[in-house]
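Please load the model in your viewer and keep the selection panel open.

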Amino acid sequence: MTEEFDGTRSVDAESIPQPIPPRTLDTTGLQALIDALAWRGYTVIGPTVSGGAIVNAPIRTLDDLPRGWGDAQEAAHYRLRRRDDDAFFGFAAGAQSAKPVFFPTDELLWRGRRTRGEFTVEPESDDGSTAATAGQGPYALLGVRSCDLHAIAIHDRVLTGRVQADAHYTARREEAFVVSVSCTDPGGTCFCVSMGTGPRPEGGARARFDLSLTELLDGGVHRFVVEVGSERGADVLSDISALPAPIDDLAAADGVATSAAGRMGRTLDTDGLKELLYTSVESPRWDDVASRCLACTNCTMVCPTCFCTTVHDVSDLTGEVAERHRVWDSCFDSDFSYIHGGTVRDSTKSRYRQWMTHKLGSWIDQFGTSGCVGCGRCITWCPAAIDITAEAAALRGVPQPARPF
Amino acid sequence: MGSIADFQPGGAATLTRPDPMLPRPFRVHRVHQDTRDTYTLELEPTDGAPLAWLPGQFTMLHAFGVGEAPISISGDPSRPDRIEHTIRNVGSVTAALVTAGPGTVLGVRGPFGTGWDVGTGRGGDVVVVAGGIGLAPLRPAILELIAHRADYDRVVLLYGARTPEDILFTDDLRAWAERDGIIVEVTVDNGQHAWRGRVGFVTQLVTRAGFDAVRALGLICGPEVMMRYAAQALSDRGVRPERLRLSMERNMKCGVGLCGHCQLRELFLCVDGPVLGYDQLAPLMSRAEL
Amino acid sequence: MQTIAQYLPEHPFFAGLDDATIDLLAGCAVNIHVRADEFLFHEGTPADHFYLLRHGRIAIEVRTPGPPMVLDTVEDGDVVGWSWVVPPYLWTFDGRAVNDVSAVAFDAACLRIKCLANPLLGYDLMMRFVRLMNQRLQSARVRLIDMYGGTQTHG
């Protein structure tokens, strides 16, 4: 039943004829990279400041990026703050991951027409080649964090690896270009180190990138160490003049990663966590969480690995044309587990238990890895300040400090 | 980056299989009313290409402009030219399906899920316990057994219905008992004076039924409460849990393990089930709201 | 056909009883026959017997303004009747033979007296009837859920 995702099926190094050593780019070079991607037809999506948060949006110049912005994240708390330097990527996880780029909130699956009793179905086809319909791509993502890279790989496994691949998702992923960045300033809710997903993008099957940047702001030139992760990445890089990175820069990049790894806001002990969750079905802790959880579904919306969807069938006024849309759904929704006769998971308690047990436990049986990448978004964006790492610790019997509310 | 298609067991080939998210048009050939709220639809593919399916599998039946519902296939597996679905009218989608007259085109996605795998019962007894509409997903398995009757020893069908008027497939039940060597015991939850048969809960039939539990294969289908008690009763009789199969039901939407709705802990019931062994299910059925 | 005294020890309901008790019970019992559609007992009448069905089927029925409803059937090999245990010792339902029935009828009035005199015997018999009532109660309760019927809900 459980297919082991061995993660060694494709080795990135084999896709590059010879390994290309890291290079250095300055800020002009960063703009040149954006230009090169745009010139090749990519819509470049990167972090921007909007509505008091870092959100992903199409970008074209360096001015579109959150230069000099940082963030402060805690449970139920998110604020932007002005940095005292010019860092472009000096913040932790943005409000949303790369998930909505490849996995839209609303996707048209097919359109059906009924004429004289016959009904025909037209798939919302991407011609099998590209998903470049209605301005949908191809996308180049700039600034993807290591946690989110792992989340993308997890989504690849979930959405292409079981019975049937999701064709639209597959097409968008195939043609996407990914530029990741190493975290310099992890947040108060980050725990990628506990989950083995960061803070530095490692490449390989579980954290694929085309190019990865480490921002260096050490008093010298504002620059980026660029690592190449694929042939496609090497190809784009060859359009830009970038000198080989000096040894000192490589050491500095290592230092950035080490420093970030030591400043995680949270930890999660994953040892035996699945078994703990499986055997904690009757734990009183679930009643405790249920007294706080609003079932608002924020956590599932910001989580980069959540994948549940539902379908909406809509028809026009004549009843002759119908469309089937696939939209995001959440296991916290009261109707989620509804079957004729009643709802299986009626109480908030059972729904929270389902979400956490799935994310940290049964996901492993289903897909071979944990479903959590330690990005901390569910903690930051929960209006009730529920902390998945604290809940896991509480289930283990670790006493929890008094909550502020 | 490597190709996403490389992740799949079948590689790029799975991308070229017919899209399970697209309904195939099937025309209603015949509608038979079984009971006051249950109807059997006989469908044939408009393009003539038969649907390959196994007893125990279900399809997502789509009523144009209304929606779709997961319905088990209830017909004869040896006759692939037409597929039968027995549907109980319980809501807007099923109402649209059961009122679709001959000639109406419905959409079919699937088949989905795991089957009863009756063949593994060869050389021993087979005990089938059905409750209510649960007899419908079991009917293909029973027909498969009958088609290879000599391969099995005793075959016992224990069937519980709500009232005598709710008994399904009465002609089949008679034929199976009189002609096909199946021991058929029927009970109802309550009956009128004119009913000459048994009244009582279906699990009561388990203690009385004659079969060799140790070598038996058990197939159970019906409301979850009934399946839980029936599985316990068969297990108490000595049927080994791994030889007891139940058809579980959860909210099905996509049918291919992508939408997440049908999960029962680590199991996706549309892919890992709906037919599952009691050895796997027992701990998952014993807790509320799992 | 076996005598009652030969039949009882083989019957699971009486398993574990010593010979003296078997003889005592057999002494209180007679074989009876009831034809199809005849009544074994009526609601509201004195419950001075309980029955062990050897062959046939009994419908436990309740009279209504319309046709009677069958709440339960008792099959061959089953025991029917515990109203003899519960004051005021009146049958709560009708018992009708669905087909030709042969049964062992136990004189419960006589047994009530003997149980008072011999508490151990009384306790043993009561425990057997508690088990029987438990089975019937569980069966009745689970059928109250009406799980096959269900309610009209949105699709």
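This is a predicted model: local features need pLDDT of at least 70, side-chain atom pairs count only at pLDDT 80 or more; totals for chains, interfaces and linings use all residues.

Residues are numbered from 1 along each chain as its sequence is written, and chains are lettered from A and ligands numbered from 1 in the order in which they are written.

**Domains of chain A**

Select residues 12-261 and then 273-396 of chain A, which are assigned as domain 1 and domain 2; the bounds come from an automatic or database domain assignment. Their centres, taken over C-alpha atoms, are separated by 26 Å. Domain 1 of chain A gives 38 residues to the contact and domain 2 of chain A gives 31 (two residues are in contact if their C-beta atoms, placed from the backbone, lie within 7 Å). On the domain 1 side, β5 (77-82), β6 (106-115), α4 (146-160) and α6 (192-195) of chain A each supply at least two residues. Helices (H or I, at least four residues) and strands (E, at least two) are DSSP runs, numbered from the N terminus.

**Chain A against chain B**

Next, display both chains: 58 residues of chain A and 44 residues of chain B form the contact. Elements that give two or more residues to the chain A side include α1 (12-15), α5 (167-175) and α12 (348-367) of chain A.

**Helix α2 of chain A**

Select residues 27-39 of chain A. Which residues of α2(A) are buried? They are L30(A), L33(A), I34(A) and L37(A). These lie on the same side of α2(A) because they cover an arc of only 95° around the axis, the arc being that of the directions from the helix axis to the C-beta atoms. A residue is buried if 20 or more other C-beta atoms lie within 10 Å of its own, exposed if 12 or fewer, and partly exposed in between, with C-beta atoms placed from the backbone. The face of α2(A) turned away from the buried side carries exposed T28(A) and W39(A). Among the partners of the buried residues are β1 (23-26), β2 (43-50) and α7 (231-237) of chain A. Just after α2(A), G41(A) takes a positive phi of about 100°.

**Helix α2 of chain B**

Finally, select residues 135-147 of chain B. In α2(B), 11 of the 13 residues are buried, including L135(B), R139(B) and E144(B).
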